[in-house]
6 protein chains.
Amino acid sequence: MLIHVVNPNTTQAMTDKIAAAAKAVANQGAEIFATQPEMGPVSIEGYYDEAFSVPGMLARIAEAEKRGVAGHIIACFDDTGLDAARSLASAPVIGIGEAAFHAASLVAGKFSVITTLGRSIPAIEHNLVRYGLSARCAKVRASEVAVLSLEDPKSDARSKISAEIELAKTHDRAEAIVLGCAGMADLARALSDQHELPVIDGVAAAVGLIEMLYRMNIKTSKRGGYASPLPKVYSGTFAGFAPKK
Amino acid sequence: MLIHVVNPNTTQAMTDKIAAAAKAVANQGAEIFATQPEMGPVSIEGYYDEAFSVPGMLARIAEAEKRGVAGHIIACFDDTGLDAARSLASAPVIGIGEAAFHAASLVAGKFSVITTLGRSIPAIEHNLVRYGLSARCAKVRASEVAVLSLEDPKSDARSKISAEIELAKTHDRAEAIVLGCAGMADLARALSDQHELPVIDGVAAAVGLIEMLYRMNIKTSKRGGYASPLPKVYSGTFAGFAPKK
Amino acid sequence: MLIHVVNPNTTQAMTDKIAAAAKAVANQGAEIFATQPEMGPVSIEGYYDEAFSVPGMLARIAEAEKRGVAGHIIACFDDTGLDAARSLASAPVIGIGEAAFHAASLVAGKFSVITTLGRSIPAIEHNLVRYGLSARCAKVRASEVAVLSLEDPKSDARSKISAEIELAKTHDRAEAIVLGCAGMADLARALSDQHELPVIDGVAAAVGLIEMLYRMNIKTSKRGGYASPLPKVYSGTFAGFAPKK
Amino acid sequence: MLIHVVNPNTTQAMTDKIAAAAKAVANQGAEIFATQPEMGPVSIEGYYDEAFSVPGMLARIAEAEKRGVAGHIIACFDDTGLDAARSLASAPVIGIGEAAFHAASLVAGKFSVITTLGRSIPAIEHNLVRYGLSARCAKVRASEVAVLSLEDPKSDARSKISAEIELAKTHDRAEAIVLGCAGMADLARALSDQHELPVIDGVAAAVGLIEMLYRMNIKTSKRGGYASPLPKVYSGTFAGFAPKK
Amino acid sequence: MLIHVVNPNTTQAMTDKIAAAAKAVANQGAEIFATQPEMGPVSIEGYYDEAFSVPGMLARIAEAEKRGVAGHIIACFDDTGLDAARSLASAPVIGIGEAAFHAASLVAGKFSVITTLGRSIPAIEHNLVRYGLSARCAKVRASEVAVLSLEDPKSDARSKISAEIELAKTHDRAEAIVLGCAGMADLARALSDQHELPVIDGVAAAVGLIEMLYRMNIKTSKRGGYASPLPKVYSGTFAGFAPKK
Amino acid sequence: MLIHVVNPNTTQAMTDKIAAAAKAVANQGAEIFATQPEMGPVSIEGYYDEAFSVPGMLARIAEAEKRGVAGHIIACFDDTGLDAARSLASAPVIGIGEAAFHAASLVAGKFSVITTLGRSIPAIEHNLVRYGLSARCAKVRASEVAVLSLEDPKSDARSKISAEIELAKTHDRAEAIVLGCAGMADLARALSDQHELPVIDGVAAAVGLIEMLYRMNIKTSKRGGYASPLPKVYSGTFAGFAPKK
């Protein structure tokens, strides 16, 4: 059982951290391999960055499909390109944002999300609405820590995130916390111990969900929105990505 | 890793079928054991039956807690007594209804549910609203097959369920199907092959979710609605169930 | 015209207070009688207590049915066991929580609820969502007064509740207040005078609603979710509760 | 205890029928008196008719206030002018549409509404959304019977309404029916017997709700949207309606 | 291309200000003319004032129809009488409230509304719910500036409104501001410059929307709720308003 | 005043048709110019095609920005890349899907959408939910006409679309129709005449909205989700798209 984790940005340190988080929770029978796109942004902080991370990420998913993976994990909390990936792949695809929301819904009435920058809040709120889980989210909060600062051991990232968790407990009556960035995966355990409530990292949740679907023998439905792309001509740079019969 | 599956009704044949469904998907490291209450109804078809299944089910959960389980699965599609069980247990608790809804949301835009009797539809719709996932459910349909008829090999249960799936595909534009009764667990694979879309059994999904939470080291939050019961006096028949310090 | 008020917990002082509140608003032609279960918790503070209050409460409802009552009132703000009671009874059943929400909706655009402990907030929020009235509720607030402290004349319960009402007026723009516990029934009038806005006690509202339904000759629909329980075997302690033809 | 029922249109036969329906359910201690405006349309079938029925209706409410009524009932299913009437009156005001929706919510999971003309459906749907009860309404259906045809004993109004009830039972899974016009008040009992489910007339429900509020000593909140009109100049025809200090 | 702007209150200074705001944004080919009713209140601050502004406003709309206008704009932020006007007119009708909400939705994820008095908040919230746009509105705020104080150059209206905008930016994470009164039309530009985010005046937005519909050759649908009034008798003062064949 | 219309697919015939539709409604002072990407799919039918149309489209938007446009119109009904475009551009950006939904909301209570293939329905429903306008949409229907068949004069596209409009009128009680593909722009007028209700083409609506925003001097808010992209490194093929200070 092979699980593909794709980090949609091009920062190797983050890919490594994500791979470690995934391997830490995977079952013995599961092998994790992590990739990152050749082209695109070094971090994803807003809709524009998202747009340029998707083609390179889909290339990685197409390659991984050939290896017969049990599933793909998109390791960006915005679930960048999730719908396109589901259309492309025959194996199931899970975004770490949705994985975290579903996991939190199973252990708490309401959860709050702590993300990086305020500009990322609307995209997360949109996803919650689309997934149907916005009623379970008390609030999306920003720690105002930039994505790449999470890779800097000297930054005060953890204390800023911790301060928002405290506010979520008292002001939002949050019963659980969702960490809103793949780069926070290594903080979940310590923050959970410190604050005495579930602190959820979407990378770990997504690994569990892929394993669940694999053992249930359930794949993405190809009826409706996730139907395989229709064969057609693609022009220019993207000619090689054109769907074939 | 020990997983407790409790069938909230007192029909042994159904407990056996549920145990088999759970074992079929569990990982090597997981041991499943299934129980049923000593007291209560032989099947759960409506709110009244639910009320009398909960105390006996909670007794089973209390006993299983002592065995140090990784989690509990409530194997009735109404998720009978789920909130009370979460308050009681230290290990996480998953209802097969919610498990199925979450699993379906990961592989399809919209799903339809096929349950047993029409009288069960409102309870399922209530749960979908509470979980926040009603926007993902196209329709809850009844096959008008009684719960215990599912245990009767001569009944036409499968053909009735299959007919509703056909309607769900054409009328509801459902991309996946959720089977709305634990007693249908053995039909999922065949119906999925026949109809060429994901057909989801909540027992299997719940096993996967317990394994996910276990490996993430995440348990039910004790802040808010699922706080441990306060110590107090219980009278009469239920004196032994009184929460203690 | 006979109205049955059942206090789902086993505290006689609370049953007495509830009976007094009901009698104070009943019409001349209406006779009130109040009961409490033989078995179950002394107070209901969370989902676990709820589960053990329902069987004993249903026993009281079954007995009252034989007396030919005009209706039953469940005098716990969580509307404990309401759905099961509606399935069982031929007379209509009203929970004091829903009664209060409906009454408040008739005299105010938005209301806030002041309940006892924070752990009770999620259950009340769930009910508001299920009844469809969550859009009318500005906020559910906790006074952090335990249920049985309301029976203690030396507690500072009233001042804590009053402080939350003040916050509801200024922060929530609440136009009316709903008292979120049957044990607060005796405070409604004084708090309404003090704060100059409607303060609603669900016990009084429920009496009015039962009288309304009685004079309209309207009973619970037996189509759908509230259909009478199907005859079947119940095991063990609950054998005597088994529905019969 | 004096209850004012105002029929917002100028058709005396309808006012008489409404008064009879109200008197049939009122308690012994309650005296009903019914009025209709001097100016405005003979029936209300759409937003334009509504606009011209409100000033004359408010005049009747202002007059009734002087008689010290316990409450006002607006006997048009669109709840025409309800918000303005609540701002004006010191006694509570109930619309028969909202009264029927609340009553139906107490005896059924979901209800369908049968109104007169298709053009009235959007206004009723708007009200359901505003009251927060749209989730409880399965469907608003039109019988395509004009309002004044309900006053014609030779019309086939009842059979058309009955046919829609049949569809509501089978297609909408409606557990109760709300009659969507004051002019249908005399049909509720017979249709309920024929179809074996609750059929609700809003006039009767509104009488019960006014009695409930009266005995609870609860009036419309004057905080927020229903604050008394501010004193100011009104010009021309409406000069006499100007709010005074 | 002739555009009719009707101020539903009788204050000439406000009509003039509204006309100026409309003319400032109209295209060269568009001619604006502004009217106000002969009868009704000098300002609209609540539901009661609304009721008495509508008949006189509909008279102005009927007159303007004869001039062959491209569309009508109702220049009160409550969108007073919008539904009745749409039923009456053959040209499209736009309320400045809805115009502003739609415009804000095109340039911001979420907006906050700053209105005059707190008592106006519920009516605005009702409209947002009915239009379906409440999810786009972060909060409706009151500046506690009375409508006619906006016409007083010595009032501190602007500073109060500005203070609420500041709160909307920090507390609501509002990305745009909607000014919630026609009398604030002249402040939009300066407040936008000061606060560096879009500040939207509904009068200007409504002019643009009428021009859009005119050039698209799209008028109000006469199917459903906005069907032309049915011919019938109107009594008394309103006899002249009776719809004719 | 210069308006940029970008067709996100690479089919010149469709770009020409869209340009003609835009020019037909633009004011005299407005100059329209239409572009299409150099790279990407010949038509957009699902999420995968969307992903590969966005980078090329954003390149066109960046070029148009240099020409000082009043606004950009994304002429694909899925509003492909709308959020990224808004982050990138200083001029406002309107998608033709959202434009059509807003326009329909101004002339009808409820509308139905007629799109091309069934696989496009979920994406349109997602957008309606995100924009907050799903409550205004009765149903999204598919004509099962492929996008490029709309360019084939011999196809039976119009009759298939017309048949769905008929169903929308009778089954959905739709009061207006939204055409769910840019390639249907030339059919709006004839279908509106034939069916006697508003039939809305999003290209025309978007032109009107850009003109409205231009004259109001309102641009996309740069607070929150649409903040300008942060300067950072982009790798490989997309290096040239990296945001700069």
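Colleague: Why do the copies, chain F and chain A, meet through the same surface?

Modeller: This is a predicted model. In this model, 100% of the interface residues of chain F are also interface residues in chain A, so the two copies meet through the same surface.

Colleague: What rotation superposes chain F on chain A?

Modeller: A rotation of 180° does so, with 0.0 Å of shift along its axis and an RMSD of 0.0 Å. That is the relation of a two-fold axis.

Colleague: Turning to chain A by itself, which domains does the assignment give?

Modeller: The assignment gives domain 1, made of residues 2–96 + 204–241, and domain 2, made of residues 97–201. Their C-alpha centres lie 22 Å apart.

Colleague: How many residues does the contact take from each domain of chain A?

Modeller: The contact takes 23 residues from domain 1 of chain A and 23 residues from domain 2 of chain A.

Colleague: Which element gives the most to the domain 1 side?

Modeller: On the side of domain 1 of chain A that touches domain 2, H1(A) gives the most, with five residues. Helix H1 (12–25), strand E5 (93–95) and helix H8 (202–216) of chain A each supply at least two residues there. The residues of that side divide into 14 nonpolar, five polar and four charged.

Colleague: A new topic: is Ser159(D) buried or exposed?

Modeller: Ser159(D) counts as exposed, because it has 10 C-beta neighbours inside 10 Å and the cut-off for exposed is 12 or fewer.

Colleague: Where is Ser159(D) found?

Modeller: Ser159(D) is in helix H6 of chain D, which covers residues 157–171. Ser159(D) and Ser143(D) are 16 residues apart in sequence, and their C-alpha atoms are 9.3 Å apart in space.

Conventions. Residues are numbered from 1 along each chain as its sequence is written. Chains are lettered from A and ligands numbered from 1 in the order in which they are written. This is a predicted model: local features need pLDDT of at least 70, side-chain atom pairs count only at pLDDT 80 or more; totals for chains, interfaces and linings use all residues. Copies are superposed by least squares on the C-alpha atoms of residues with pLDDT of at least 70 in both. Two residues are in contact if their C-beta atoms, placed from the backbone, lie within 7 Å. Helices (H or I, at least four residues) and strands (E, at least two) are DSSP runs, numbered from the N terminus. A residue is buried if 20 or more other C-beta atoms lie within 10 Å of its own, exposed if 12 or fewer, and partly exposed in between; C-beta atoms are placed from the backbone. Domain bounds come from an automatic or database domain assignment. Ala, Val, Leu, Ile, Met, Phe, Trp, Tyr, Cys and Pro count as nonpolar, Asp, Glu, Lys and Arg as charged, and the others, Gly among them, as polar.
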